[in-house]
Amino acid sequence: MYTIPELQQKITETFASENFLFEPVALYDPIAYALAQGGKRIRPLLVLMSADLFDGNIEEAIKPSVGVELFHNFTLLHDDIMDNATIRRGRPSVHKKWNPNVAILSGDTMFVMAYDYICQVRKEILPQTVELFNDTARKVCEGQQYDMDFETMKDVSIDNYLMMIRLKTAVLLACSVKLGAILAGAGEEETRIIHEFGDNLGMAFQLQDDYLDIFGDTTKFGKEIGGDIVTNKKTFLYLKAFELAKGDDLVRLTSYFMDKDIDTGTKINRIKELYITLGVDKLTKELVEHYLGRALASLDELDLPADRKAGLRQLALEMLNREA
């Protein structure tokens, strides 16, 4: 089996060798810029690790794994516009460096390019691969719509929020490992189990991301800290805080979020302090651990030698013990 660094190297070399610069330059420059920012490229890594887990041909999995990463980056270009996020992976987001119209069109093009790569599989598994990708892409869009709907909804439950992040984030990680299993010719039960692993890992990953948005380090996180607070985003932390806050704490919490004239830095610091007082930070970490535990339990369920599953276990633990 391959080690994680070996597979990461293959992914890096593949992206370095692929040509994403075509004419017109104004369309493809932002794509090359977004992809050059790199990131951890967790999703293509999960495709390759899952294919390797089930003794598949890694070389056959490379192109589809690139397709998953292209799709992921397409969603980031559009998400940054919708969220008015100015920083992505420590650099200006595409809509900030160029403009929203450029980011929309370049993102659309990345979506088409993603299909080109996803479809580079054996003919006998092409229908299954496309069905998985279409289902995943549709669910990601549904999740984004719920996320936008929640901005204006008064009553959003924690269950609503967890459903949304499963659609918006977790399904793509689940797709990544399921795709790897399909490429390797894994059995139906094995494919189901590895999909559950990816789903729970994705839930833990997004909740950790929400936590780091407030309690992370800007230099390590690669995004502005407190963005969710500034935009009054209804994350698990926000919803749990309002569920727990009573008396003066509830009055202050409501005031900080409703005050349109409050200084941004002051708003972030005061709400962060209230989150700590209410124990929301600890509860979020506990929920992260809950989903991580479920993911690792799925790995344990696979009837494979422990050493074959060690890489995915290691990656899961590293993903959830991160500052970036």
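A residue counts as buried when its relative accessible area is under 20%. Keep that cut-off in mind. The model on your screen is predicted.

Stop 1: Select Phe-133. Its relative accessible area is 3%, so Phe-133 is buried.

Stop 2: Keep both rings selected. How many aromatic pairs does the model hold? The count comes to 16. Next, colour the helices. Phe-71 belongs to helix H4, residues 58–83. Phe-133 belongs to helix H7, residues 126–152.

**Stop 3: the cluster.** Together with Phe-71 and Phe-133, they form one aromatic cluster.

**Stop 4: charges over rings.** Select Arg-41 and Phe-15. The charged end of Arg-41 sits over the Phe-15 ring, 4.1 Å from the ring's centre. Then select Lys-97 and Trp-98. Here the charged end of Lys-97 sits over the ring of Trp-98, at 5.5 Å from its centre.

**Stop 5: a strand residue.** Select Arg-91, found in strand E2, residues 91–92. Is Arg-91 buried or partly exposed? Its relative accessibility is 33%, so Arg-91 counts as partly exposed. Which residues does Arg-91 contact, leaving aside neighbours within four places in sequence? They are Tyr-33, Ala-36, Gln-37 and Thr-86. Finally, draw a line from the C-alpha of Arg-91 to that of Ala-34. It spans 9.6 Å, though the two lie 57 residues apart along the chain.

Key
Residues are numbered from 1 along each chain as its sequence is written. This is a predicted model: local features need pLDDT of at least 70, side-chain atom pairs count only at pLDDT 80 or more; totals for chains, interfaces and linings use all residues. Side-chain values use heavy atoms; hydrogens and water are left out. Rings of Phe, Tyr and Trp (its six-membered ring) pair if their centres lie within 6.5 Å; planes under 30 degrees apart count as stacked, over 60 as edge-to-face and the rest as tilted. Helices (H or I, at least four residues) and strands (E, at least two) are DSSP runs, numbered from the N terminus. Buried means under 20% relative accessible area, exposed over 50%, partly exposed in between (1.4 Å probe, protein chains only). A charge sits over a ring if NZ of Lys or CZ of Arg is within 6 Å of the ring centre and within 35 degrees of the ring normal. Contact means heavy atoms within 4.5 Å.
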